[in-house]
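Here are a few exercises to work through with the model open beside you. Try each task before reading its solution.

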Amino acid sequence: MKLAIPLIVLSIMVVVVAAQSSLTASPKVTAYVILGKGIAANPDDTMDFMIAKFGIGKVSYSTAEEVIGVLKLDEELYRLRAVVIEEGHATGSIYRNSSEAGSFDVYSVMKGDTEVWAGKMLLYEKTYNLYVIEGVRPVKASELRARVVEYCTNNEDANCRDRLQNYCENNPDDSRCRALFRAWCLRADNMDDTRCRYEFRNWCNENPRNEYCIPFALNRSRLYCEEHSDSALCEKIATTAADICEETPDNQGCAKVQQLVTRAQKLLQNAQAIKTRIMNIAVTASLRVRAATSADVGGS
Amino acid sequence: MLRLILIGLLLSVAFISGCTQISETGTLTESQLDEATGTIEQEMENAIDNINLEELENLIIE
């Protein structure tokens, strides 16, 4: 009887620990937002520059989700915390060990089929210009399978068939499997994930007139082009879309480009000539309606 | 018998409170964040190894 109480207390402690450890699993990185390499350069001192390796991901565990990352400056490791992302834009704090060392603010911009994250970094009270070229991270076969399963569970799609999931894991380059992955990227609003953007960059290289490819570059560079609406780069991106759309105004992608320019008031506001060209494209009313009711505007 | 029921009840409450203690916090622990940071770092190193310079090589050769 004397032993009963300590035994009960011990049992309770064991049960509590067991309950907690049964739920303690590894956190999952659900999206890789930026994986790239570039240069951080001090504009006031030409020779003050560092090689910058930049990685940001969305991490989830149970109901919690955080966006975190890592920054290597000449192999010095920093952690990125309190990261906020919206499509084509990322900001956050830089930590060295546990103390705050600075902050960063970068925008995505497409240069041809290369995505560049450009912006500012503040490190120990010195400001650097930061340019990071997005790396190459294709979706892996097992990841493709999981995305296809998720997409086919939640959507009716002619490409979804029995046992297709296993087929996609064994044949990740099959066109139907890639199409389902792209559909997942669009439907689940996952263009923040570099794997989706890599898929679309490749797909759009081969299919520049696809309805999602026409607005892709403009959409990815939207925030950058709102801030720098008179930049030659933004004008070039918009011109490419306008050239295609003047030839094929009945393309749904053209309605999406118009929609994008209409919604984002600051976009191209200092490049009126190209803005007018885009708005004058004779997109049919039905396409406009479809673009307006569609959840995605060319890949977002 | 009553004692057994009480002990069972106590253990159930302890288990549930153990479970909810985790879910209520709703945030990632530092060690979880460090683990995820390691994964991101590894993916970053792999991704930048694959930046394609073949086009540039071809241009130089031409």
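**Exercise 1.** Does A:Tyr124 count as buried or exposed, and why?

Some housekeeping comes before the solution. This is a predicted model, where local features need pLDDT of at least 70, side-chain atom pairs count only at pLDDT 80 or more, and totals for chains, interfaces and linings use all residues. Residues are numbered from 1 along each chain as its sequence is written, while chains are lettered from A and ligands numbered from 1 in the order in which they are written.

*Solution.* Start with the cut-offs: a residue is buried if 20 or more other C-beta atoms lie within 10 Å of its own, exposed if 12 or fewer, and partly exposed in between, with C-beta atoms placed from the backbone. A:Tyr124 has 8 C-beta neighbours inside 10 Å, so it counts as exposed. Strands here are DSSP runs of E, at least two residues, and helices are runs of H or I, at least four, numbered from the N terminus.

Now look for partners, taking two residues as in contact if their C-beta atoms, placed from the backbone, lie within 7 Å. Leaving aside neighbours within four places in sequence, A:Tyr124 touches A:Ala101 and A:Gly102. A:Ser103 is 21 residues away in sequence, and its C-alpha is 9.3 Å from that of A:Tyr124.

**Exercise 2.** Describe how H2 and H4 of chain A pack.

*Solution.* Begin with the geometry. Helix H2 (residues 141-154) and helix H4 (residues 175-187) of chain A pack at about 65°, with axes 9 Å apart. Axes are lines fitted to C-alpha atoms, for helices over the stretch in contact, and angles run from 0 to 180 degrees between N-to-C directions.

Then list the residues. H2(A) contributes A:Leu144, A:Arg147, A:Val148, A:Glu150, A:Tyr151 and A:Cys152, and H4(A) contributes A:Cys177, A:Leu180, A:Phe181, A:Ala183, A:Trp184 and A:Arg187.

**Exercise 3.** Where in chain A is confidence lowest, and where highest?

*Solution.* First the overall picture: pLDDT is the predictor's confidence in each residue, from 0 to 100. Chain A has a mean of 88, and 87% of its residues reach 70 or more. The lowest mean, 62, belongs to helix H1 (residues 4-23) of chain A, and the highest, 97, to strand E5 (residues 89-96). Also check residues 295-300 of chain A, where pLDDT is below 50; beyond near neighbours in sequence, that stretch has 23 contacts in the model. Where pLDDT is low, the predicted coordinates should not be read in detail.

**Exercise 4.** How many helices and strands do chains A and B have?

*Solution.* Chain A has eleven helices and eight strands; chain B has three helices and zero strands. For burial, buried residues make up 39% of the 300 residues in chain A and 16% of the 62 residues in chain B.
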